[in-house]
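Welcome! Please take a moment to look over the sequence and the structure before reading on.

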Amino acid sequence: MNGFAVWVHGARPRTLAASVAPVVVGTAAAGRASVWRTAAALVVGLGLQVGVNYANDYHDGVRGVDTERRLGPPRLTSSGMASPRAVLIAALVSIAVAGLAGLALALATTPWLIAVGAAAMVALWLYSGGPRPYASLGLGEVAVFLFFGLMATAGTAYVQAERVPAAAWWSAAAMGFLAVAILEANNLRDIPTDEATRKRTLAVRLGGRRTRVLFRALIVAAFATVAAGVVVGIAAERLGMSQWALLALAAWPLAIRPMEVAGKADGRELIPVLVGTALLQVAFGALLALGLWVAGATRA
C-alpha cells in the first residue's frame, strides 16, 4: 500500500460503524433531523474514532506494544508504512476536525457540549497514551460504552431536538453494548500479544474463556435492552420505547455466526468475528432507527 490507501487502512474502516450507527439511531430517536446537524454529528463521531485509531497506532507503535507477532492487520507505525510523526499528525488533525464540528453543534445548542467534547478528546488520547494508559488498566470498555454508546447516541438526539427522549437513552445503551462487543472481539484476538507486551486489557485480565462469555453477553444485552425498553414503554410510554423498536431484533441472525466463532476460534480466525460484529451493529442500528422513525410517524 502507498499514499491514500495507507491512511484508509490506518483508519480501520471495518470498525467505523461504531461511530456512524449511533448517529443514525440518535437522529431517529430525536424524531427530527437537521441536515447540517446530522452531518456535523457524523463528522464528530468519525473524526473521534479515526483520531483514536491513529492515536492508538502511534502510542502502541512507539511503546513497542505492536510487534511483528501481532495477529491483526498491520499498524502504520509498527510496520513502517508511515512515520510515527506522520501518524501523530494524522491523529491530531482528525481530532481537530471533530472538535470544530462539535464546536459548531455546541454553539447552535448549548455550551456545555464543549465540555463533553473536551472530555471525549482527553479520553481517546489517554486510552493508550499518557503515563498510564487506561486501556492497560482494563477500563477501555467503560470509555467505549460512554462515548461511542451513550454520548454518541443520546448526544446526537440532543443536538437534533435539544432534548433527550427516553427512547434515545435505551437506544444509547444498546448501541454502547455493541460498540464494546466490537472492542472485545479485537482484544480477544490480541490476548497473546498484549500479554507479551504487558498491555493488560480487560480481555487479558479475564482470560480467553471469560472474555468469550463477556463478548456473547454484550450482544445479548444489546437485544435485551431494546426488549426491556419496549416493555417499559408499554407500561409508561414516556419512559420506554415504542413496540416498533422491536424491528431491531430482526438483526439477530447476524449475531449467531460471530457468537459461534468467538466460542471456539483463536488467533487470526477471530478476525471475522470483529468484522461480523461491526456488520451486526450496522444492521441492528439501521433496523432500530427504522423502528424509531415509524414510531414517530405514527404518533404524528
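## A predicted model

Please keep in mind that this is a predicted model.

## Helix H8

Let's begin with helix H8, which covers residues 166–189 and has 24 residues. From its first C-alpha to its last, H8 reaches 36 Å, close to the 34 Å expected at 1.5 Å a residue. H8 is also mostly covered, with 21 of its 24 residues buried.

## The nonpolar cores

The largest nonpolar core has 55 residues. Phe215, Ile219, Phe284, Leu288 and Leu292 are those with the most contacts inside this core. Two or more residues each come from H2, helix H7 (140–161), H8, helix H11 (208–235), helix H12 (253–262) and helix H13 (271–299). H8 gives the largest share of this core, 12 residues.

What is Ile219 in contact with, leaving aside its neighbours within four places in sequence? The partners are Leu178, Ala181, Trp252, Ala255, Met259 and Leu280.

## Two arginines with positive phi

Arg12 is not a glycine, yet it has a positive phi of about 55°. You can find Arg12 in the loop between helix H1 (4–10) and helix H2 (17–30). Arg12 counts as buried because its relative accessible area is 17%, and the cut-off for buried is under 20%.

Arg198 has a positive phi too, of about 65°, although it is not a glycine. Its place is the loop between helix H9 (191–196) and helix H10 (202–206). Is Arg198 buried or exposed? Arg198 is exposed, because its relative accessible area is 75% and exposed means over 50%.

Technical notes:
Residues are numbered from 1 along each chain as its sequence is written. This is a predicted model: local features need pLDDT of at least 70, side-chain atom pairs count only at pLDDT 80 or more; totals for chains, interfaces and linings use all residues. Side-chain values use heavy atoms; hydrogens and water are left out. Helices (H or I, at least four residues) and strands (E, at least two) are DSSP runs, numbered from the N terminus. Buried means under 20% relative accessible area, exposed over 50%, partly exposed in between (1.4 Å probe, protein chains only). The expected span of a helix is 1.5 Å times one less than its number of residues. A nonpolar core is a set of buried Ala, Val, Leu, Ile, Met, Phe, Trp, Tyr and Cys residues joined through side-chain atoms within 4.5 Å. Contact means heavy atoms within 4.5 Å.
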